[in-house]
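Look at the chain below and follow its sheet from strand to strand.

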Amino acid sequence: MYEHIDDSWICGRYGEDEPWMSGAVNPPVFENSLFTFPTANALADGLAAEDENYVYSRGTNPTVDVLQRKIAALERAERAKCFASGMGAIAATISSLVSAGDQVIVVGAVYGPTTQFLRYLEKFGVSHTTVHTDNPAVLDSVVTTRSRVLYLESPSYMRYGVIDLRAFAGWARERGLTTVMDNTWATPIFQKPLTMGVDLVVHSLSKYIGGHSDLVGGVVAGPSRLIRPLALTEYQLYGAALSAHEAAKAIKGLRTLPVRMPAHQERGLRVAEFLVKHPAIRAVNHPGLPGHPGHELARAQMTGFSSVFSLELDTEDITEVARFVDALRHFRIGVSWGGFESLVSAPALTTQESVRATMGIPVGLVRLSVGLEDADTLVADLAEALATS
């Protein structure tokens, strides 16, 4: 349905030619909490299909709708639903697919709070099993008659391994599981999982889509048969509604996304290429590097690479890791990523050892988010920090 629409058009004008916009170059921000109706029966009809009618902004809002239509088009999905955070989208999506006694199968390392949420679901009788493999046949040993969801990220969390989406999505479909994938790293500009058989895609809008570290939001995109029940139930009951103001920021972020992502890619690869040759670095986990084990698969599945990756210092001393992070001047220390500013974080300093062990994260692993500053400046910063730490 979107085959003949290019992504730049979608990020720009697509979905903005509504009569109520009156030709405005920026979609109006609908700040109202509710919408009124001419008759009592009209209100009743609106409530009966609240996912398609403007009744109360906890459910639908015209500004948010513009953003949802754009993201659905970018992901080649029938529908999308936006949330107040990425975790709001992830939690509601998983909840919509499972009941007590069901199992979620997780492939590889995924976003830490996602794992925390899956552990939280254990109190309601929903289990999860994590399998680190690049071969979907291995999952046959853990799948049961109560397996409902296959959850994954590609590239994976912190180690940035690449998963064969067609193979794993095909395995899940043959066994009646719904595949859910976090596509935040690549964005829809560089990767479209639904076209490779994945059922639902989730994003943190706070990262590259927003692009300026000034909003928190999330989204899930996929077929109407899965999005509509979620929109009517979990979205409404969890109350994690994206505000019109945050949606407006995300819409503006989308307008520059096709330009920003190649710029992030260029700077990220420039920094990674420097690090992979440095004697103090044990490994660089960036799927855009030819030496990365998933490089060829990544090139087959993606049209580009973002600028979040990890390096592994040649040390098992946590104090040396802290010294390196503190020595950086242009990489600011903080969580999240995808904005203009370059960021650094070290899981060994912030994550429990048992959690790191589960995800296979060594002490010396450091995550970099390369922003849009001059690449030579960032390389010089890293070189100095490596020399002095």
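In this predicted model, Phe83 stands opposite Gly218 in β7. Strands here are DSSP runs of E with at least two residues, helices are runs of H or I with at least four residues, and both are numbered from the N terminus. Residues are numbered from 1 along each chain as its sequence is written. Because the model is predicted, local features need pLDDT of at least 70 and side-chain atom pairs count only at pLDDT 80 or more, while totals for chains, interfaces and linings use all residues; side-chain values use heavy atoms, with hydrogens and water left out.

**The sheet**

β1 pairs with β7 (residues 218-222) in the antiparallel sense, over five bridges. Two strands count as paired if DSSP finds at least two bridges between them. In general, such pairing goes through backbone hydrogen bonds, parallel or antiparallel. The open sheet has seven strands in the order β1-β7-β6-β5-β4-β2-β3, with mixed pairing. Its edge strands, β1 (79-83) and β3 (127-131), each pair on one side only. On average, neighbouring strands of this sheet are turned by 20 degrees against each other, direction ignored.

| Pair | Sense | Bridges |
|---|---|---|
| β1 and β7 | antiparallel | five |
| β5 and β6 | parallel | three |
| β6 and β7 | antiparallel | four |

Which residue of β7 is the bridge partner of Ser204? The partner is Gly218. Val180, in turn, stands opposite Leu200 in β6.

Five of the five residues of β6 are buried, where buried means under 20% relative accessible area, exposed means over 50%, and partly exposed lies in between (1.4 Å probe, protein chains only). In a regular strand, side chains alternate between the two faces of the sheet. In β6, Leu200, Val202 and Ser204 are buried on one side, and Val201 and His203 are buried on the other.

Axes are lines fitted to C-alpha atoms, for helices over the stretch in contact, and angles run from 0 to 180 degrees between N-to-C directions. Contact means heavy atoms within 4.5 Å. Helix α8 (residues 224-232) lies across β1, β5, β6 (200-204) and β7, running at about 30 degrees to β1.

In helix α5 (residues 112-120), the buried residues are Gly112, Thr114, Thr115, Phe117 and Leu118. They pack against α4 (86-97), β2, β3 and β4.

**The core and the whole chain**

A nonpolar core is a set of buried Ala, Val, Leu, Ile, Met, Phe, Trp, Tyr and Cys residues joined through side-chain atoms within 4.5 Å. The largest one has 56 residues, and Leu67, Leu150 and Leu205 have the most contacts inside it. Helix α3 (residues 62-74) gives the most to this core, with seven residues.

The chain has 15 helices and twelve strands. Buried residues make up 57% of its 389 residues. Among contacts between residues at least 6 apart in sequence, 73% join residues at least 24 apart.
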